[in-house]
Amino acid sequence: MEILDGKKISNDIKNEISAEVEKMKANGEKVPHLAAIIVGNDGASLTYVGSKVKACERVGFESTLVKMPDTTSELELLKKIKELNEDDNIDGFIVQLPLPRQIDTQKVLLTVDPSKDVDGFHPENFGKMALDMSTFIPATPFGILELLQRYNVDTKGKHTVVIGRSHIVGRPMSILMSRKGWPGNSTVTLTHSNTKNIAQITTQADIIISALGVPNFLKAEMVKDEAVIIDVGITRVEDADSPKGYKITGDVDFENVSKKASFITPVPGGVGPMTIAMLLKNTLLAREQRRGH
């Protein structure tokens with residue numbers, strides 16, 4: 001069994017990006033600039049955005065953090081997005097989700113300029129991804145592809161089962177794993193909360209990508225020997241023994257499933273760190289495209 005070490009690979013990627021940025025500086029070029037808008041005070045979102053800003057510093061990007069109160073109206077947010085769309089200094093930006101109730105997330109995502117949409121959530125970018133055209137791939141799926149590639153995991157002709165159909169992970173993964181090329185060329189079954197006899201399906205899978213958000217959902221008896229397990233789940237579970245009072249748990253019963261798997265991602269330290277690394281990679285891509293124009 002081999003651990004798919006997202007911490008290590010994300011560090012490698014950051015070092016590669018850092019080297020690219022050094023070259024840009026040496027040539028007197030503008031370095032990539034990533035902006036993030038956060039509305040409200042959601043603890044997890046603040047932590048996540050904070051780590052994005054730190055990651056930008058680490059690779060030599062410029063970064064801007066736009067904090068807005070949770071009373072922000074939809075109109076105010078759309079105005080701010082329009083400003084960032086028109087700001088030539090900014091190569092890519094993200095709007096941190098979830099947004100407060102008074103704001104229509106769909107409307108917000110549609111307002112982001114697709115050429116700056118480094119999260120890959122705009123329908124134009126999602127459509128291009130589905131059509132196999134070059135575009136921004138959402139950061140978490142992009143990170144999973146990168147892990148599979150760097151650990152040389154064979155996906156051709158394999159049966160991939162995706163658990164969860166979110167627009168951020170499950171749906172894009174089902175499209176990407178079935179595309180021509182590598183990682184891809186696998187036969188994909190997309191399962192979700194309404195799937196009957198899910199264990200019957202997962203026991204046939206060569207590769208399982210679980211993005212359900214239910215702690216320890218995937219048990220050893222649901223997995224065949226030598227399966228590749230990608231755990232996207234990340235849930236805070238109460239834990240009296242932990243100094244924080246909780247521990248971070250994935251969708252997979254790691255202790256028991258890891259005994260059967262050929263490759264497996266840990267939680268934390270698997271898919272999570274990859275997401276930020278690929279967001280940086282998308283921002284670098286956005287900078288290169290803008291330079292091309």
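Predicted model: local features only at pLDDT ≥ 70, side-chain atom pairs only at ≥ 80, totals over all residues.
1. Helices and strands here are DSSP runs, numbered from the N terminus.

2. UniProt, in an unreviewed entry, puts a "binding site" feature at Gly164, Arg165, Ser166 and Ile234. Of these, Ser166 and Ile234 are included in the lining of the largest pocket.

3. Now for Gly164, which is in the loop between strand S5 (159–163) and helix H7 (170–178). Its relative accessibility is 5%, so Gly164 counts as buried, the cut-off being under 20%. Leaving out residues up to four places away in sequence, Gly164 touches Gly170, Arg171, Leu190, Thr191, His192, Ala211 and Leu212.

4. Ser166 is partly exposed, at 33% relative accessible area.

5. Leu97 to Pro98 is cis, with omega near 0°, and Pro98 falls in the loop between strand S4 (92–95) and helix H4 (105–111). Val267 to Pro268 is cis too, with omega near -5°; Pro268 is in the loop between strand S11 (263–264) and helix H10 (271–292).

6. Two asparagines have positive phi: Asn152 near 55° and Asn197 at about 50°. Asn152 is in the loop between helix H6 (139–150) and S5, and is exposed at 61%. Asn197 lies in the loop between strand S6 (187–191) and helix H8 (198–202), and is exposed at 53%.

Note on methods
Residues numbered from 1 in each chain as written. Heavy atoms only, no water. UniProt positions renumbered as here; feature names shortened; annotations may be inferred. 1 Å grid on protein atoms, 1.4 Å probe; cavity = no way out; pocket = protein on both sides within 12 Å on 5 of 7 lines; lining within 4 Å. Helix = DSSP H or I, 4+ residues; strand = E, 2+ residues; numbered from the N terminus. Buried < 20%, exposed > 50% of the residue type's maximum accessible area, 1.4 Å probe, protein only. Contact = heavy atoms within 4.5 Å.
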